[in-house]
Amino acid sequence: MVPARLPVAPRPFRDELLSSWVARVAARYGAEPLELMVHLAGQGGRDAGARQVDDVAPDMGLLMLWAKACRIDPERLRRRSLASRYPAQPRDWFLTETVPVCLACFDADVAVGRDAYLRVNWRLTEQVVCPVHRTMLLDRCPACRGHLRPSLRMLNGLLRPFCRKCEAVLTGGGGEAEDLLNVDFAAGVLDLQRQINGIVRGGPGRLDRLEHAIRILWAPLDRNGAARPVLALWYDEPGWNCPYEARATVGRHAPLQHLSVRWRALTLVILHDLFGTDLVPGAVLPEAALVLFRRAAPLPWLSEGRGTRAGKGKRGIDVGAERVHRLSKRPLHRLNGNFLDERGDFGRIHP
């Protein structure tokens, strides 16, 4: 069958994710992206509607389908992929499991009378602060506190973001005053975020050392049965274990990608306190860094090179990750700071 053509389709914004644009097109017809995909594909195949547009490296056949239906140049869509926008960014430094958002950006969309949309830089792993509004990104719904999965729906003639779980509209509250402590923290992390941007896209040398330092911080301590990561040494509470929301990331080759926004932000703060403006370990480690690094459990797979991203040594990584996950699943005290919002102080910490 000839692929369907849509009578009206919104154009993508300059800094919009491909998946966001597809969602906006579908929402204009009261459908979800996969539902509209089935319609566009017609009888082209049983699994034609089971694919989604990949923000990082989209399938060109899929883009051609959307481009033809929306009367847009497919090359224009391809250039909006993350791989095209950030060719120097390693693939495991793009977020794939979630997209944190800035509520102030959504409010700004409404203020100028345009549809709300998801920004491309929200999928960068090192992005934890909105550079426009200098506020922390959110990966949890402010209403139900569940993991945030935005859905775009029509409201008063514009597409607005809603939480899929509780269906609350995602808004910053109409410009309410923020806590000055949070504002100062976000401003400080924004500077670190910019430095990390340069390291990630500056070549493998410093990036390898940065990733090694992050893996060490989230590795378990050197005693058997330890449920605590190395960064637990920075806390005053002796019983501080690996946070529940971060346990699935311990032992991953790219742990920063799988951490929540607040734990990624805290990791950047610790890197700055350990290594200063370089944010990466040098030839001679500072004393504070030596204390932490010496307490890391000896896991050989953690020292493997970047070749593991291509599949080399995958089995060893999986085995090591299973062991770390098993050791980290220990009972937690309800007051030890491992649960949501029980530890809201992101001030300066010391070993």
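The legends below describe several close-up views of a predicted model.

**View 1. The chain as a whole, given as a setting for the close-ups.** The secondary structure of this predicted chain comes to 11 helices and two strands. Read from the N terminus, the elements follow the order α-α-α-α-α-α-β-β-α-α-α-α-α. Of the 351 residues in the chain, 49% are buried. Among contacts with a separation of 6 or more, 66% are between residues 24 or more positions apart.

View 2. Helix α3 spans residues 60-70, and its buried residues are L62, L63, L65, W66, A67, A69 and C70. The elements that cover these buried residues include α1 (18-27), α2 (33-41) and α4 (74-78). After α3 comes R71, a residue whose phi is positive, near 55°.

**View 3. Two aromatic pairs in the model.** A search of the whole structure finds six aromatic pairs, and two of them are described here. Y86 and F94 form a tilted pair, in which the ring centres are 6.4 Å apart and the planes make an angle of 50°. Both partners count as buried, since the relative accessible area is 16% for Y86 and 0% for F94, and the cut-off for burial is under 20%. In the pair formed by F106 and W122, the ring centres are 5.6 Å apart and the planes stand at 90°, so this pair is edge-to-face. F106 belongs to helix α6 (residues 103-111), whereas W122 lies in the loop between α6 and β1 (150-155), so the pair ties together parts that are 16 residues apart in sequence. F106 is buried, with a relative accessible area of 0%, and W122 is buried as well, with a relative accessible area of 1%.

**View 4. I196 and the residues around it.** I196 is part of helix α7, which covers residues 180-200. Its relative accessibility is 1%, so I196 counts as buried. When its neighbours within four places in sequence are left aside, the residues in contact with I196 are W93, E126, L210, L268 and L279.

**View 5. The packing of helix α8 against helix α9.** Helix α8 (residues 204-218) and helix α9 (residues 261-275) pack at an angle of about 110°, and their axes are 11 Å apart. The two helices are therefore roughly perpendicular to each other, because angles of 65 to 115 degrees fall in that class. On the α8 side, the residues that take part are L210, A213, I214, L217 and W218, and they meet W263, T267, I270, L271, L274 and F275 of α9. Sorted by class, the contact of α8 with α9 has 10 nonpolar residues, one polar residue and no charged residues. An α-helix has 3.6 residues a turn, so residues three or four places apart point the same way.

Note on methods
Residues are numbered from 1 along each chain as its sequence is written. This is a predicted model: local features need pLDDT of at least 70, side-chain atom pairs count only at pLDDT 80 or more; totals for chains, interfaces and linings use all residues. Side-chain values use heavy atoms; hydrogens and water are left out. Axes are lines fitted to C-alpha atoms, for helices over the stretch in contact, and angles run from 0 to 180 degrees between N-to-C directions. Helices (H or I, at least four residues) and strands (E, at least two) are DSSP runs, numbered from the N terminus. Angles under 35 degrees count as roughly parallel, over 145 as roughly antiparallel, 65 to 115 as roughly perpendicular and the rest as oblique. Contact means heavy atoms within 4.5 Å. Ala, Val, Leu, Ile, Met, Phe, Trp, Tyr, Cys and Pro count as nonpolar, Asp, Glu, Lys and Arg as charged, and the others, Gly among them, as polar. Buried means under 20% relative accessible area, exposed over 50%, partly exposed in between (1.4 Å probe, protein chains only). Rings of Phe, Tyr and Trp (its six-membered ring) pair if their centres lie within 6.5 Å; planes under 30 degrees apart count as stacked, over 60 as edge-to-face and the rest as tilted.
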